[in-house]
Amino acid sequence: MLLHHCTWPEVEAHLKRSTGIIVPIGSTEQHGPNGLLGTDALCAEVVARGVGEAVDALVAPCVAVGMAQHHLGFPGTMTLRPATLIAVVRDMVLSLARHGFERFYFVNGHGGNIATVTAAFSEVYADLSLARDGRAQRGVRCRLKNWWDGPAIKALSGELFGAAEGSHATPSEVSLTQFAFPETIKRAAMTPDIAPKGPIYDALDYRRRFADGRIGSNPALASPEAGKRLYEAAVAEVAEDYRQFLAED
Ligand code: NI
């Protein structure tokens, strides 16, 4: 159930059943010659919605712009500074905690968000720990789950794409968007087949190292059929992780 498709009495009733909520978080950034700018946000949202249906959880609106400064050398990319993203995540969590939500499960679509979102969780805990009015008694817990890096999904990505999976503009994430949004499928020539690898610094350096935006990947191998398998595996794996998170002592 999508939070933004609910009325407030529906949310109030849901809170009596569960205090967990799923928050998809991604990025709006270049994804190579055939990947959509929204790939990370779309993947996070699609997986989060699937998990929400599987476990009867509310799914919050997607945080669709993330920490992507290194992709700004490519048109269309948007970023939040780390400090801004920390503030966004913190305010979203504290807004929902005010209503009684306690377990915040972020389904992440972008590796570049991990450090910043983890820092945002520390800010939330600091708010609660420093409060003197009893809010600290609340059992607020936050977890970040990358949809692509559980053992089952990694095994499937390896089986499907092997060394062509790479780390940015991967055939797995492009496949997932092709499955979810077949009307958006793009074709593009890419040379070499598998893109170079290397470190990430700022936007100018990134574009110099990775001319077409990819890192270590060959997303020309992407297909909606692969995307369907990845979707089903990711929803199953992430749903199980969500159940464990809610059941945690
Ligand atoms: Ni991505």
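1. Basis. In this predicted model, local features need pLDDT of at least 70 and side-chain atom pairs count only at pLDDT 80 or more, while totals for chains, interfaces and linings use all residues. Residues are numbered from 1 along each chain as its sequence is written, and side-chain values use heavy atoms, with hydrogens and water left out.

2. Nickel site. His31 (NE2), Asp40 (OD) and Glu173 (OE) coordinate the nickel ion at 1.9 to 2.1 Å. Donors are N, O and S atoms within 2.8 Å of the metal (3.2 Å for Na, K and Ca); water is not among the atoms, so sites may look incomplete. The spacing of the donor residues in sequence is H-x8-D-x132-E. Aspartate 40 belongs to helix H2 (residues 39-55) and glutamate 173 to helix H6, so the pair ties together parts that are 133 residues apart in sequence. Helices (H or I, at least four residues) and strands (E, at least two) are DSSP runs, numbered from the N terminus. Both aspartate 40 and glutamate 173 are buried; buried means under 20% relative accessible area, exposed over 50%, and partly exposed in between (1.4 Å probe, protein chains only).

3. Sheet. Four strands form an open sheet in the order S2-S1-S3-S4, with parallel pairing. Two strands pair if DSSP finds at least two bridges between them. Strand S2 (58-59) and strand S4 (141-146) are the edge strands, each pairing on one side only. Strand S1 (residues 20-25) is joined to S2 by two bridges, and isoleucine 21 has leucine 58 in S2 as its bridge partner.

4. Arginine 90 is partly exposed at 30% relative accessible area, whereas aspartate 127 is buried at 18%. Arginine 229 and glutamate 159 form another, with the closest N and O atoms 3.0 Å apart. Here helix H8 (residues 224-247) holds arginine 229 and helix H5 holds glutamate 159, 70 residues apart. Arginine 229 is partly exposed at 39%, and glutamate 159 is exposed at 55%.

5. Arginine 209 and aspartate 205 meet in a salt bridge of 2.7 Å, N to O. The two lie four residues apart in helix H7 (residues 203-209), so about one helical turn separates them. Arginine 209 is partly exposed at 29%, while aspartate 205 is buried at 15%. Elsewhere, a network of salt bridges links Arg141, Arg143, Asp241 and Glu248.

6. Largest pocket. The volume of the largest pocket is about 420 Å³. On a 1 Å grid over the protein atoms alone, a pocket is an open set of points where a 1.4 Å probe fits, with protein on both sides within 12 Å along at least five of seven lines; lining residues have an atom within 4 Å of a point. Grid points are joined across faces, edges and corners, and the volume is the space filled by probe spheres set on the points. Of the 23 lining residues, Gly111, Trp148, Ser167, His168 and Thr170 are the closest to the centre. Helix H5 (151-161) and helix H6 (171-180) are the elements that give two or more residues to the lining, and H5 gives the most, with three. The lining comprises four nonpolar, 14 polar and five charged residues; Ala, Val, Leu, Ile, Met, Phe, Trp, Tyr, Cys and Pro count as nonpolar, Asp, Glu, Lys and Arg as charged, and the others, Gly among them, as polar.

Note on methods:
A salt bridge is a side-chain nitrogen of Lys or Arg within 4 Å of a carboxyl oxygen of Asp or Glu.
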